[in-house]
Amino acid sequence: SNAMQNRWAETKFDSDIDEVVYGSRLIGSDPDLVLHGGGNTSVKTTERDHAGRIISVLRVKNSGSNLGTIDSRGFTGIRMDDALAAAKIDKMTDEAMVDYLKKSMVNPSEPSPSVETFLHAFLPYKFVMHSHADAILSITNTDLPSDQIAKILGNVVVLPYIPPGFTLAKEVMNCFKKGIDGIVLRKHGLLTFGDTGKEAYDRHINIVSRAENFIREKTDGK
């Protein structure tokens, strides 16, 4: 396949939601990044709640949406205060997590948020993008040591496989270091982040491109 293209062209957005929708569609319509509608994205923004208070809200992809065709309704609102309070909790079963997220929704009539909501909430950046890129899986589904994967992919932290859920979100939070471009989850995918959607997207494309180049060199060399 051809090298991955950076297709970000937009320069101005009317809102944070417009920006996350735009970035999500770019990722979601790229078959090398998103298999069968997988992946999720989010933005941290401020909104006026039902009582007229301005609150911090995580808008995260909900379970009914496909990134390639997502619109503003594809993102469920979670109160950031509630999400961050969960960082102090040691363990949470999947059932407890679903219940906690339900109680943290800005609008209970919205669809359930992604099971990876806490992953997004715990990363201290406005925009977060998570994909299950083929090239990342090809490299991390091997017995290549994690430090070698980090060398190939650049400025990233590599985590061993942990099933999606609260434990993974806490691990990501604990391994996060200011200044990294991404977190690679073995046998799972890639997380990038930024203060703008473009920054999160650029980092995503750059890291996946490095993975693709490595695979291409390996296969060309045979």
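In strand β2, the bridge partner of R48 is I54. Seven bridges join β1 to β2 (residues 54-61), and these two strands run antiparallel. Strands here are DSSP runs of E with at least two residues, helices are runs of H or I with at least four, and both are numbered from the N terminus. Two strands pair if DSSP finds at least two bridges between them.

This is a predicted model, where local features need pLDDT of at least 70 and side-chain atom pairs count only at pLDDT 80 or more, while totals for chains, interfaces and linings use all residues. Residues are numbered from 1 along each chain as its sequence is written, and side-chain values use heavy atoms, leaving out hydrogens and water.

**The sheet**

Let's step back to the whole sheet. Seven strands form an open sheet in the order β3-β2-β1-β4-β7-β6-β5, with mixed pairing. At the edges are β3 (75-79) and β5 (156-159), each of which pairs on one side only. From one strand to the next, the twist averages 20 degrees.

Now look at E47, which lies in β1 (residues 40-48). What does the side chain of E47 make a polar contact with? The partner is the side chain of R59, at 2.8 Å. A polar contact is a pair of N or O atoms within 3.5 Å; within protein, one must be able to donate a hydrogen and the other to accept it, and residues adjacent in sequence count only if both atoms are side-chain atoms. Leaving aside residues up to four places away in sequence, E47 touches R53, I54, I55, V57, R59 and V106. Contact means heavy atoms within 4.5 Å.

In the loop between β6 and β7 you will find K187. K187 has a positive phi of about 55 degrees although it is not a glycine.

**Helices around α8**

Helix α8 lies across β4 (127-131), β5, β6 (182-185) and β7 (189-194), running at about 145 degrees to β7. Two packed helices are described by the angle between their axes and the distance between the axes. Axes are lines fitted to C-alpha atoms, for helices over the stretch in contact, and angles run from 0 to 180 degrees between N-to-C directions.

| Helix pair | Angle | Axis distance |
|---|---|---|
| α1 (residues 16-28) and α8 (residues 197-220) | about 15 degrees | 9 Å |
| α6 (residues 146-153) and α8 | about 105 degrees | 8 Å |

So α1 and α8 are roughly parallel to each other, and α6 and α8 are roughly perpendicular. Angles under 35 degrees count as roughly parallel, over 145 as roughly antiparallel, 65 to 115 as roughly perpendicular and the rest as oblique.

The α6 contact is made by K151, I152 and L153 of α6 with I207, R210, A211 and F214 of α8.
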